[in-house]
Every structure is written in structure tokens, then in C-alpha cells.
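Subject: Structure handover

Hello,

Here is the structure you are taking over. My notes on it follow below.

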Amino acid sequence: MNYSMLSVLAFSSFGLCLLLTPLLRGLAARRGWLDAPDSERKLHRAPVPRIGGVPVAFASLASVGAFLLLQRQFTAIGSPGDYFALQVVPASLLILITGTLDDLLGLKPSQKLAGQCAAALLVCVSGLRLHFFEGSAIGEGLGAIVTFCWLVACSNAFNLIDGVDGLASGLGFIGALTMLFVALSWNTAGYSALAASMAGALFAFLLFNLNPASIFLGDSGSLWTGFMLGCFGLVWFQRSTTLPSMAAPVIALAIPLLDTSLSIVRRFVSARRIFQADRGHIHHRLIHLRGPRSVVPRLFTAAILASLCALILKSTPEHVGYLMVALFCVGTWIGVRTLAYEEFTLFGKLIREVPKGVRRRMALNSGRLSLTSAPTPEECWFVLLGLARDFELDSITLELGGHRFQEQPGTAGAADAWSMEVSLSSTDYLRITRSVDTEGGAEDVMPLVDMLHSVLSQKATQFMRPGHSGRRRAAALGEDLSHSQIL
């Protein structure tokens with residue numbers, strides 16, 4: 001495709017959006033189509049018009065439509081890729097209408113999702129979908145499902161990350177520019193024209209949307225931008241020849257997709273509704289950790305680096321591609337760690353506690369059986385020593401059947417420890433001590449305490465019988481009590 005004509009297309013889209021945006025902004029202000037601050041999630045100081053997606057989409061689609069009709073590219077080149085615009089434009093108009101209705105009327109989440117699903121289904125019906133296992137019905141069905149989910153995910157990703165002035169429109173511009181570079185290597189008019197016009201329109205809108213924004217992208221713009229970039233990503237995936245290069249479209253849109261994924265996981269692990277709004281998005285965390293001025297530059301930088309990585313993956317050898325994907329995943333993991341999400345910290349702690357909890361549960365069941373069958377206070381004490389190690393007790397003292405046992409490490413009795421005493425009878429008792437630095441509090445030991453109280457109370461009654469001599473039996477068994485003090 002001629003680069004000069006492509007430049008004309010991008011500048012015409014830029015100029016048209018530059019002209020239309022103030023007009024729509026004034027109309028929205030007069031009609032009351034404003035996004036009012038709420039001091040919780042919407043922190044702008046005054047109401048701002050919110051239908052910025054309309055001039056962006058109109059400028060982009062009108063420019064590319066006029067350009068392609070004048071150039072007659074669809075009749076000059078007959079490959080399926082050159083009909084890309086015809087495949088996505090009807091669905092993109094449907095997603096634009098859905099977003100605009102939400103901006104003007106306020107749709108329910110289910111209604112907005114229904115519009116996204118309808119648009120994604122329309123793209124699948126048009127023939128633009130992924131294909132797995134060529135010739136297989138299962139592969140075709142899987143391809144349609146993945147295509148559907150990908151488009152809905154991309155639409156929501158840009159919708160959810162649109163929470164800071166200039167963020168969604170800027171990320172959309174970076175994404176469209178990335179898709180343009182990819183489309184130029186394919187040398188097909190449809191992809192290049194749409195990517196160039198989209199980049200031009202978003203760049204023009206960004207001039208009005210940077211802080212302090214005079215107009216917001218709104219659901220109309222964020223849904224449309226994410227949906228269009230998702231369609232580009234489908235073609236990119238189809239044309240990838242190696243497994244690492246298939247990850248390139250995901251990496252190119254990594255920031256909004258990562259934000260959506262983190263939101264879903266956070267809400268799931270904290271047992272909240274998936275569609276429940278909160279202040280836990282990436283930009284919210286960066287505002288909290290680094291201040292509001294650093295959010296957009298940091299995320300723009302991250303998006304540019306991700307796009308460069310995706311472009312390199314497109315043509316790199318397969319073995320190098322695996323290394324790049326691995327490095328990207330490591331970098332992403334480090335980035336998420338710096339955001340310090342409390343949900344993930346607590347969830348990770350719970351995951352690490354699972355093996356320890358299973359071991360303690362098994363020790364508890366085994367200890368109950370051993371204590372129940374223990375014939376002497378000494379054997380009960382040996383069982384208690386094993387349980388003390390499993391539950392990380394610092395000291396344990398047992399008065400049972402006229403015998404007193406005590407295991408007291410050097411750290412016991414420190415100021416940073418707590419103790420608990422359990423009465424077994426009028427004369428018998430159990431006392432345990434545990435450091436406050438040990439993971440888990442007193443509630444972590446309560447199952448052990450409850451079991452010991454239940455079983456040892458019965459043992460206290462049993463060992464009060466006349467003629468019972470625990471010391472003689474222990475000596476006969478040759479038990480080693482060197483680690484315990486018998487008083």
C-alpha cells in the first residue's frame with residue numbers, strides 16, 4: 001500500500017476527529033450527557049462530557065470508508081484479508097451503539113455484556129475467527145469460542161482501564177500504531193487503512209483527553225477501541241507461524257488485559273461479584289503507591305515496551321521467541337508484585353499454609369488415636385511432644401495422674417509469647433506457650449486445645465484409679481525421658 005496515501009488517510013482521520021470532538025463536547029454539555037464526580041471512583045472535580053467515542057469512531061470509519069471506496073481496493077485485490085473492514089465495521093457499529101446507549105442512558109451490566117456478545121458473534125459469523133485443527137468440527141467450534149471470548153475480553157479490558165485522564169485513549173493509540181506496523185508488513189489495504197485511521201483519530205482525541213480532560217472517551221469509545229484492536233489481534237494470531245509469535249497479540253494489549261485479569265482474580269479470591277466496581281485497578285494502585293502524576297507515563301511506557309516485544313516476536317526465531325515470552329512473563333510478575341495487592345498477599349499466604357494445615361490435621365487425628373489408647377501418663381506425654389512440634393509450641397507443661405511433665409526450650413517465657421492453660425480435673429491441667437511471631441494466632445492452635453481437653457480429661461479420670469503406677473511401667477518399657485523434665 002502507498003505510504004503517502006496512508007499518511008493522507010491518517011491525517012484526514014486526525015483532522016476529522018479534531019473537528020468533531022469539540023462539537024460533540026458542546027452538544028453533550030448542553031444536553032447534560034455528563035459524567036459527574038462521586039468522590040469515590042470518579043475523582044474529577046467537575047462534570048465532564050462522556051461520549052468521546054462517537055467522534056473517534058466516526059472519524060476513523062468515515063475516513064477509511066471514503067478512502068477505500070475511492071481507491072477501489074476491494075475489487076482490485078481479492079484476498080480475504082482485504083475485506084477485513086467489511087467484516088468488522090458492522091460489528092463495530094453495534095458495539096459503538098451499545099457503548100453510546102450506556103453513556104446516555106446507563107445500561108445494566110448484563111445489557112452491556114449482551115451488546116458485546118452480539119458484536120462478537122457477528123464477527124464470528126462474518127468469517128473472521130480463529131481456526132484450530134483444520135477440517136475438524138471440534139477445531140472449528142473451539143476457534144469460534146476462543147474468538148468470541150477474546151473479543152469480549154478486549155472490549156471489557158479497555159472499558160475497565162478507562163479510569164484516568166488519557167489512559168484508555170493513549171493505550172488505544174499505542175495499540176493501533178502497533179497494529180499498523182504489523183499490517184504494513186502484510187501489504188493489505190484493509191488492515192493498514194483501518195489501523196492508520198484509528199491511530200489518527202485516537203491521537204486527535206488524546207489532545208482533549210489528557211489531564212485535565214475536557215471530554216471522556218466513555219463506554220462508547222473504550223468498548224469500540226478494545227473491540228477493534230481485538231479484531232486486529234485475531235488476524236495477527238491467524239498469520240503467526242510459531243507458538244511464541246501467537247502470544248504477540250496478547251502481549252501487545254498486555255496492560256488492559258492484565259488489568260482485567262487481575263480484577264477478576266482479585267474479586268474471585270475475596271468472594272466479591274465479578275462485575276462489582278472497586279478502586280483496585282492498576283491505575284488506582286499506582287495512584288496510591290506513586291501519586292497521580294506518574295500513572296499515565298508509567299503505563300504508557302509499559303505499553304510501548306510490550307508493543308515492541310510483540311513486534312519483535314512477530315519475526316524472531318522460535319527458540320528466541322520462547323525466551324522473550326518467558327522474560328516478559330517474569331517482568332509482568334515482578335510488576336504485579338510491586339502493586340502490592342492485599343488480596344494476592346493473603347491468598348498466597350493461605351496457599352502456603354495448605355500443606356502445613358494438612359500435616360497438622362493428620363497429626364491431630366493421629367494424636368487423638370494415640371492418646372486414647374495410651375495406657376500411662378508418660379506415653380500421653382510422648383504423644384504431646386510430637387504434637388507440640390507439629391503445632392510449633394514453645395513450651396508445654398502437663399500435670400496428669402500425679403505426674404508433672406515439662407518441656408521448656410530456651411525461647412519459652414519470652415515477653416513476645418502467649419500462654420494458655422486448660423483444666424483437665426481439679427488437680428490436673430495442661431499449659432502451652434507459643435511465640436507471637438509464629439504464623440497463625442491462638443485460633444491456629446484451638447483445634448489442638450479442644451482435642452487435648454476432650455481426651456486428656458477422660459485420661460485424668462482414668463489415671464486416678466487406685467494401683468496405677470505410671471513410673472514403673474515407663475521404666476519397664478525403657479522409655480527415654482531425657483528431653484523432658486518429670487517433676
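**Helix α16**

This is a predicted model. Helix α16 covers residues 342–373, and its 32 residues should span 46 Å at 1.5 Å a residue; the C-alpha atoms at its ends are 45 Å apart, which agrees. Along the way α16 bends by about 35 degrees at V354, with a proline, P355, following within four residues.

Which residues of α16 are buried? They are G348, K356, R360, A363, L364, G367 and L371. An α-helix has 3.6 residues a turn, so residues three or four places apart point the same way. The partners of the buried residues of α16 are α17 (377–390), β6 (429–435) and α18 (446–462).

**The chain as a whole**

The protein chain holds 19 helices and 7 strands. Of its 487 residues, 47% are buried. If you take the contacts between residues at least 6 apart in sequence, 72% of them join residues at least 24 apart. The accessible surface is about 23,500 Å², and carbon and sulfur atoms account for 63% of that.

In soluble globular proteins, nonpolar side chains tend to be buried together. Here the largest nonpolar core has 89 residues, and F84, L194 and W224 have the most contacts inside it. The helix that gives the most to this core is α8 (residues 189–209), with 13 residues. Another core, of 32 residues, lies apart from it and includes V383, L448, V449 and L452.

What does W224 touch, leaving aside neighbours within four places in sequence? The list for W224 is V56, A57, S60, L61, S92, I95, L96, M198 and D219.

Strand β3 (residues 395–400) is mostly covered, with 6 of its 6 residues buried. S395, T397 and E399 point one way from β3, while I396, L398 and L400 point the other way; all are buried.

β3 pairs with β6 in the antiparallel sense over 5 bridges, and I396 stands opposite I432 of β6. β3 is also joined by 5 bridges to strand β4 (residues 403–407), again antiparallel. In that pairing I396 stands opposite E407 of β4. β3 and β4 form a hairpin with 2 residues between them, and G401 in the turn has a positive phi of about 60 degrees.

β5 runs antiparallel to β6, and 7 bridges join the two. The hairpin that joins β5 to β6 goes through 5 residues.

S307 is found in helix α14 (residues 295–315). Is S307 buried or exposed? Its relative accessibility is 4%; buried means under 20%, so S307 counts as buried. S307 and A252 are 55 residues apart in sequence, yet their C-alpha atoms are 4.5 Å apart in space. Not counting residues up to four places away in sequence, S307 touches I174, T178 and A252.

**Backbone points to check by eye**

- The peptide bond from N211 to P212 is cis, with omega near -5 degrees. P212 sits in the loop between α8 and α9 (218–238).
- A340 is not a glycine but has a positive phi of about 55 degrees. A340 lies in the loop between α15 (318–339) and α16. With a relative accessible area of 42%, A340 is partly exposed.
- E392 is another residue that is not a glycine and has a positive phi, of about 55 degrees. The loop that holds E392 runs between α17 and β3. E392 counts as partly exposed, at 31% relative accessibility.

Regards

Technical notes. Residues are numbered from 1 along each chain as its sequence is written. This is a predicted model: local features need pLDDT of at least 70, side-chain atom pairs count only at pLDDT 80 or more; totals for chains, interfaces and linings use all residues. Side-chain values use heavy atoms; hydrogens and water are left out. The expected span of a helix is 1.5 Å times one less than its number of residues. The bend at a residue is the angle between axes fitted to the seven residues ending there and the seven starting there. Buried means under 20% relative accessible area, exposed over 50%, partly exposed in between (1.4 Å probe, protein chains only). Contact means heavy atoms within 4.5 Å. Accessible areas come from the Shrake-Rupley method with a 1.4 Å probe; for residues, only the protein chains shown count as cover. A nonpolar core is a set of buried Ala, Val, Leu, Ile, Met, Phe, Trp, Tyr and Cys residues joined through side-chain atoms within 4.5 Å. Two strands pair if DSSP finds at least two bridges between them.
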